[in-house]
Amino acid sequence: MSPVTPVGALIGRDGELALLTGLLRELSKGRGGSVLIEGEPGIGKSTLVRAVVAEAPVLGCQVFWGTGDELGQELPLLPVLDGLRVREPSANPRRNTITRLLRGEIAADRGTDVPAALSEQLLALVTEECAVRPTVLVIDDLQWADHASVALWGRLARAARQVPLLLVGMMRPAPQRDDLLALRRAVDEDARLQLAALTETAVADLVATLAGGTPDDELLRLAGGAAGNPLYVTELVAALARSSSLTITDTGTAALANSSAPSSLSAAIADRLDFVTGPVREVLRAAALLGMDFAVPDLAIVLGRGVTDLLAAVDEACAVGVLAESGNGLGFRHPLIRAALYDDMPAPLRAAWHRDAGRALAAAGVPPDRVARQLLRAVDGPGGAAEPIDEWMLTWLTGAADSLIGQAPGVAAELLSRAVASSPVGSAQHGRLAGRLADALYRLGDRAAAEQVAIAALEYAAESDLLVDLHSTLAQCRMLDGRSAESLATLDEALAAPGISARHRARLLVIAARTHSILGELDMADRVATSALEAASEAGDNWAMGWALLIMALGAHMRGRMVEALPLYDRALAVTQADPALTDLRLLLQINKAVALANLDRYEEALAAARQARYLADQVGTVMRLAQAHGALGQFLYETGQWDEALAEVKALNADLKEPAPACNELGIAAVISFHRDEVAAAREHLAAAVPYAQRIGHRLVGTLALARSLDCEHAGAPAEALAALTAELDGNTEELEEIEDLLADAVRLAIETGDLSTAQTLAGHAATLAAESEIPHRQANVLYCRGLVEHDATGLLAAAERYADASRPLMNAKALEAAATEFVRADDRAQAREAFSRAVEMYTTLGAAADVARVQAEFRGHGIRRGPHSKHRRADSGWDSLTPTEIKVAAFVEEGLSNPEIAARLLLSRRTVATHVSHILKKLGVNSRTDIAREAALRTIASR
């Protein structure tokens, strides 16, 4: 991105400049947004944005700028990767993870969708950068960006509403791609900016500024042919000046000395290039092969020269306005300049030069994606005809295929399909290339084509490694197509191949075990996974060992045997601990282990495990894993009554960044807490926000969302509808009781209130089934509570309250105490009723459940029972006393001057969670800045001495 704004470039753009400057100033205050700028080539999109973001550092904001490139649009996420400068050396763990993904060091699982994983990592990186400083991210020339980049821009646009991110996209009206049309529709009307042609007055002002005098009528008539395009006007005046066709009169009028002028914008640019010397033009043509922006060392490699040998040519090209600085490299001042140079080369010459450029870059050791970018153009013949692939390209593709498939499967598939067609059928090279092509097609989602290529290659395949790869691809294609029986038959055939290694056997068995698990055949999955573990241990294959143990642990987990699952999770975590390539698998294991611990009511251990997962995911994990870790923590904190902390977790990430079911669960948690706190409007906002996500998962049960809907009905005075909101979710789920157990207690309570004893007894029976032979406290508490309600047993309800306390579930503890107090009133035992009532009110108060406190007090006041003198006071809503323990710790670190990332590292929190805590502290203290927080914390410290 050039930091220089050409003279006169912003003439006629006052309105647009004010709009973008306003967005930047809002960003500096922490309020993000997005804008999509459209306009024809040369209309001034980039120049306008450059002028605005030049002020960003002064306002405390950082800027990243990436550009789509016609030559690189087959490479996934290239403009975003280049814009965020992820290839530069860095100590940032997230950036290093992305770099290792690009190098193919992390894609250990063939099923890994690396472009999708990169998108998740880039999404996380952007939000982390926003946590450090307000961030401007510009993606120019979106019309040349790949589909993944366009999709990521859309996701970032939604996220910009929640974080201090100003996202800017620029694009031309053409080409009319479906994804770009969808992006236009998805962007709010007020976030779209159409740059129109300059008015006649603005054109006159621009010509006057460029020419150095007031233009006469003839010059204005000539400039009028530019149709208000500022680049055309600029190039036109520059061409007139170069040819001495302009003169300034004594009266300050700019007049034409002769009528010689370029007839079009292309002609004006060609006129500029005509002033470039021959040696410099050769350098510029080589640069045009590399794209709109390029690294100077790459240019030197392509030309076979040293970097210092290019200095004079580069200086001249910059001086005549052809090249300009762009990030850490150089770039053409405008895409039309590069296009003029590129299109001027004959197609055969251009293809040959691309081929030589690719070979030179490969010899220099540059990443495969940059080599492939050249080779794609080398094999495109005139009119789209395929050029033959030579022996060097076949050899290079054979060696680089794995890395290229991981980063850019589409590019790999295109090159490999041509390579397979160019190599002799039945040769070892043909088989290896066909195997890699089948893998690339599988990753692209074209399973039919992948299956066809694999079947054809199997006719000639002899090498055991190739046989295993082809069968593995076939099995996964068939499994994903719902043809699991065929998939398992394919795997059996591969496993029967002679000379199969222990490593290959282990990996094939893992796929088979996963297939059985998906089919619900848990016993078979367990047996196959055990065999896979044996083979993997023999081969020392950590990936296969980790997956085999995970499948065995999940089997125990799904059977409800949490105690059996835990050591399997621990073994798998130990296996994956030392291998950075298995980070995602380790996160999956850690999160599932935390869930198993929580299911056993071992919340202290569960919270510790989930916090470790959250911290690791925040450093190097995908957004999906980070969302899962935040969600697990939010669930555990909600269940254990740490509601402020729970809300911080479930709100740490925008719901648009989560899968639909977790988004529903976390919005349900927020709504349930809000209803209990008598924040009804906020609760209903959460319920409304959950609607689009709930629609995407159909009738799938989400317990917290069902509870929130039920509470909404209760608040409206409709207990029958509240019961229906729960029982509608319970119907037909008796075989999956674990999924409904957290709904049973409230459903029984509502059934009793509405006089539906039959339903209450049925649901109490479900609770008894779950508790049978179980030592898990909350399950024992559930059956005691449900039976106590059905049988009006105050003693049983007190016992339920104690078991809920043992389970660290304070909300249900309070509900059981409230129910016991009601039964004691019914039995006219007022002393015990008052005791149970007081304990219930204290627990509700501790939770901040204002709605429950008011309801219970009103109900028991009618029985002459009020709060005793030793009851706790209501939780403060504002001021220092309203801060949670974690918020107090965060405030102390703010006082010390630590940044959000530094606080996150100290507390093992994610940066987003810290940002949420800081936001809550500001709101509770009624202050506006971190300085204010530090002052309040210091005053508090002084007052306590």
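Student: What does Tyr-638 touch, not counting residues up to four places away in sequence?
Tutor: This is a predicted model, and in it Tyr-638 touches Trp-643, Ala-646, Ile-669, Val-672, Ile-673, Thr-704 and Leu-707, with residues up to four places away in sequence left out.

Student: Which residues touch the most other members of the largest nonpolar core?
Tutor: Tyr-638 is one of them, along with Val-510, Phe-636, Tyr-785, Tyr-804 and Tyr-844. That core has 138 residues.

Student: And which helix gives the largest share of this core?
Tutor: Helix H26, residues 542-558, supplies 11 residues, the largest share. Another core, of 76 residues, lies apart from this one, and its members include Phe-294, Ile-337, Ile-405 and Leu-467.

Student: How do the axes of H36 and H38 cross?
Tutor: At roughly 10°, and the axes come within 9 Å. Angles under 35 degrees count as roughly parallel, so H36 and H38 are roughly parallel to each other. H36 covers residues 741-753 and H38 covers residues 777-791.

Student: Why give both an angle and a distance?
Tutor: Because two packed helices are described by the angle between their axes and the distance between the axes.

Student: OK, what about H6 and H7, how do their axes cross?
Tutor: The axes of H6 (residues 147-159) and H7 (residues 178-186) cross at roughly 10° and come within 10 Å. H6 and H7 are therefore roughly parallel to each other.

Student: Which residues in H6 and H7 meet?
Tutor: H6 brings His-147, Val-150, Trp-153 and Gly-154, and these meet Asp-179, Leu-180 and Leu-183 in H7. By class, there are 4 nonpolar, 2 polar and 1 charged residues in the contact.

Student: New topic: strands. How many residues of E3 are buried?
Tutor: 6 of the 6 residues of E3, residues 135-140, are buried, so the strand is largely enclosed by the rest of the structure.

Student: Which residues are on each side of E3?
Tutor: Thr-135, Leu-137 and Ile-139 are on one side, and Val-136, Val-138 and Asp-140 are on the other. Both faces are covered. In a regular strand the side chains alternate between the two faces of the sheet.

Student: Which strands are joined to E3, parallel or antiparallel?
Tutor: E2 (residues 62-67) is joined to E3 by 6 bridges and runs parallel to it. E4 (residues 165-171) is joined to E3 by 5 bridges, also in parallel. As examples, Thr-67 has Asp-140 in E3 as its bridge partner, and Leu-137 stands opposite Leu-167 in E4.

Student: Where is Asp-141, then?
Tutor: Asp-141 is in the loop between E3 and H6. Its phi is near 50°, a positive value in a residue other than glycine. Asp-141 has a relative accessible area of 6% and is buried.

Student: What about Asp-601, buried or exposed?
Tutor: Asp-601 counts as buried, at 9% relative accessibility. This residue has a positive phi of about 65° although it is not a glycine. Its place is in the loop between H28 (583-599) and H29 (603-620).

Student: Back to sheets. What is the order of the open sheet with E9 in it?
Tutor: The order is E9-E11-E10, with antiparallel pairing among the 3 strands. E9 (293-294) and E10 (323-326) stand at the edges, each with a single partner strand, so one side of each is left without a neighbour in the sheet.

Student: How many bridges join E9 to E11?
Tutor: 2 bridges, and E11 covers residues 329-332. Asp-293 stands opposite Gly-331 in E11.

Student: Last one: where is Tyr-460?
Tutor: Tyr-460 is in the loop between H21 (447-458) and H22 (464-480). With a relative accessible area of 47%, Tyr-460 is partly exposed. Leaving aside neighbours within four places in sequence, Tyr-460 is in contact with Val-425 and Gly-426.

Technical notes:
Residues numbered from 1 in each chain as written. Predicted model: local features only at pLDDT ≥ 70, side-chain atom pairs only at ≥ 80, totals over all residues. Heavy atoms only, no water. Core = buried A, V, L, I, M, F, W, Y, C linked by side-chain atoms within 4.5 Å. Buried < 20%, exposed > 50% of the residue type's maximum accessible area, 1.4 Å probe, protein only. Helix = DSSP H or I, 4+ residues; strand = E, 2+ residues; numbered from the N terminus. Contact = heavy atoms within 4.5 Å. Axes fitted to C-alpha atoms, helices over the stretch in contact; angles between N-to-C directions. Parallel < 35°, antiparallel > 145°, perpendicular 65-115°, else oblique. Nonpolar A, V, L, I, M, F, W, Y, C, P; charged D, E, K, R; others polar. Pairing = 2+ DSSP bridges.
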